[in-house]
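Please keep the model in view while reading.

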Amino acid sequence: MKRLSLCLTISFAVFMLASPFSIQRAEASSNVNKNIMGDSVLTASQMAAFVHSKNPSNIRLYGITVEELAQLFLIAGKHEGVRGDVAFVQALKETGYFKYGGDVVPEQNNYAGIGTTGGGVKGNYFDAPTTGVYAQIQHLKAYASKEPLNTPLVDPRYKYVTKGIAPTWPDLQGRWAMQPRGNYGDDILSIYREMQDFASKMKPPVENEGSITLPSKDPNPFPSDVSKNNEAYEAVQFFLKNDVIDGYDIDGKVYVKPYDNITRYQFVKILVQALGLKKDGDAPAFTDVNPHDKDYIYLETAASLGIVKGSNGKFMPYEKIKREHIAAMVYRATEQLLDYNQYSGQEKAFKDVNTSSEFYEAISKSSAAGVINGFSEIEFGPTKYATRAQGIMIIYRVIEKINEQANS
């Protein structure tokens with residue numbers, strides 16, 4: 001583990017985008033690029049905002065936000081040379097702007113109805129949003145190109161496609177879908193054109209896009225979703241007072257959404273910013289993360305310091321993070337900043353954390369230091385998904401402990 005330095009400037013960026021919309025069918029104009037292969041044009045923020053404008057209250061995605069999913073489509077599309085922004089529109093058509101209601105359910109992470117034939121046949125299930133998106137992108141590439149895949153095969157129906165048989169979106173009619181009226185691909189291009197028009201009318205992006213800065217007239221507004229009796233209250237107030245959490249102004253009230261699940265990418269960003277960590281040396285590349293993403297520097301920093309490692313070349317950035325992974329990341333990031341040995345003998349006897357687990361040391365030492373808590377004295381819940389509140393409180397506690405040692 002390389003030497004880390006601590007900075008008490010902490011920052012927490014929360015993305016809140018949600019909404020779907022009804023699908024309109026109209027012929028795509030002749031000047032629209034109809035090719036499946038090519039570069040994306042729109043940004044994830046533009047794509048997500050369009051969804052919100054169409055479906056502001058009934059998005060049923062499972063374990064991922066609209067903006068995160070849009071970004072994932074752009075990343076996967078870039079890896080395979082598929083237009084990820086148009087593939088995202090295909091997902092909107094297939095799921096009814098993420099309202100669902102057909103044979104496929106959100107928990108399948110199947111955004112394009114792969115393997116679905118109607119009549120109650122649900123089709124394929126994918127273990128995570130990342131897998132579902134890559135399966136869709138790979139299936140599109142199978143139709144549109146004879147080139148081999150650039151990423152590990154996850155599409156279960158890839159072998160059944162005659163490669164390169166459908167290079168344009170309209171060519172998918174009767175192949176991807178047996179649509180009785182109109183043309184399946186033209187419908188997708190029509191929605192895409194509407195999304196482009198919507199994006200062209202959006203205001204230019206501003207700094208810290210995706211968050212709403214708390215009103216300056218009241219630098220410490222009382223968050224509507226964190227009461228004084230809430231266990232996260234002290235940590236949330238600390239971050240608010242130090243201007244490190246941006247709230248969300250909804251109908252004149254401020255929310256911080258502390259009990260939404262937090263993703264792996266989001267937690268790494270918080271951790272790196274909170275501790276003021278700096279990149280040290282080369283970092284491994286992850287096939288499912290775009291190195292041009294604006295938040296990539298945080299992941300790159302964490303990877304260069306050995307805080308994150310990934311699995312089989314993937315980081316799975318938009319998956320919800322498990323509590324055992326949070327414990328491991330925090331421990332790796334702070335084992336040279338905090339003397340965990342002085343808390344020896346105060347470890348919690350969690351029955352659900354096996355001594356043979358790769359996360360045992362991190363959980364044991366962090367619990368002894370009081371950095372992390374269990375659901376009870378004997379239950380830690382290592383594989384349960386962490387919330388934003390848990391991430392905030394762990395960072396708050398570890399900073400307190402480091403400051404205590406520094407002042408003792």
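Which residues in helix 7 meet which residues in helix 9? The model is predicted: local features need pLDDT of at least 70, side-chain atom pairs count only at pLDDT 80 or more, and totals for chains, interfaces and linings use all residues. Residues are numbered from 1 along each chain as its sequence is written, and side-chain values use heavy atoms, with hydrogens and water left out.

On the side of helix 7, Arg 264, Phe 267, Val 268, Leu 271 and Leu 275 meet His 325, Ile 326, Met 329, Val 330, Ala 333 and Thr 334 in helix 9. Contact means heavy atoms within 4.5 Å, and helices are DSSP runs (H or I, at least four residues) numbered from the N terminus. The residues of this contact between helix 7 and helix 9 divide into 8 nonpolar, 2 polar and 1 charged. Here Ala, Val, Leu, Ile, Met, Phe, Trp, Tyr, Cys and Pro count as nonpolar, Asp, Glu, Lys and Arg as charged, and the others, Gly among them, as polar.

Two packed helices are described by the angle between their axes and the distance between the axes. Axes are lines fitted to C-alpha atoms, for helices over the stretch in contact, and angles run from 0 to 180 degrees between N-to-C directions. The axes of helix 7 (residues 264-275) and helix 9 (residues 323-334) come within 11 Å and cross at roughly 25 degrees. Helix 7 is therefore roughly parallel to helix 9; angles under 35 degrees count as roughly parallel, over 145 as roughly antiparallel, 65 to 115 as roughly perpendicular and the rest as oblique.

For helix 1 (residues 44-54) and helix 5 (residues 184-200), the axes come within 9 Å and cross at roughly 100 degrees, which means that helix 1 is roughly perpendicular to helix 5. Helix 1 contributes Gln 46, Met 47, Ala 49, Phe 50, Ser 53 and Lys 54 to the contact, and helix 5 contributes Ile 191, Glu 194, Met 195, Phe 198 and Ala 199. These residues of helix 1 and helix 5 comprise 7 nonpolar, 2 polar and 2 charged.

Helix 2 (residues 66-80) and helix 3 have axes that come within 8 Å and cross at roughly 130 degrees. The two helices, helix 2 and helix 3, are therefore oblique to each other. Val 66, Leu 69, Ala 70, Phe 73, Leu 74 and Gly 77 in helix 2 meet Gly 84, Asp 85, Ala 87, Phe 88 and Ala 91 in helix 3. This contact of helix 2 with helix 3 has 8 nonpolar, 2 polar and 1 charged.
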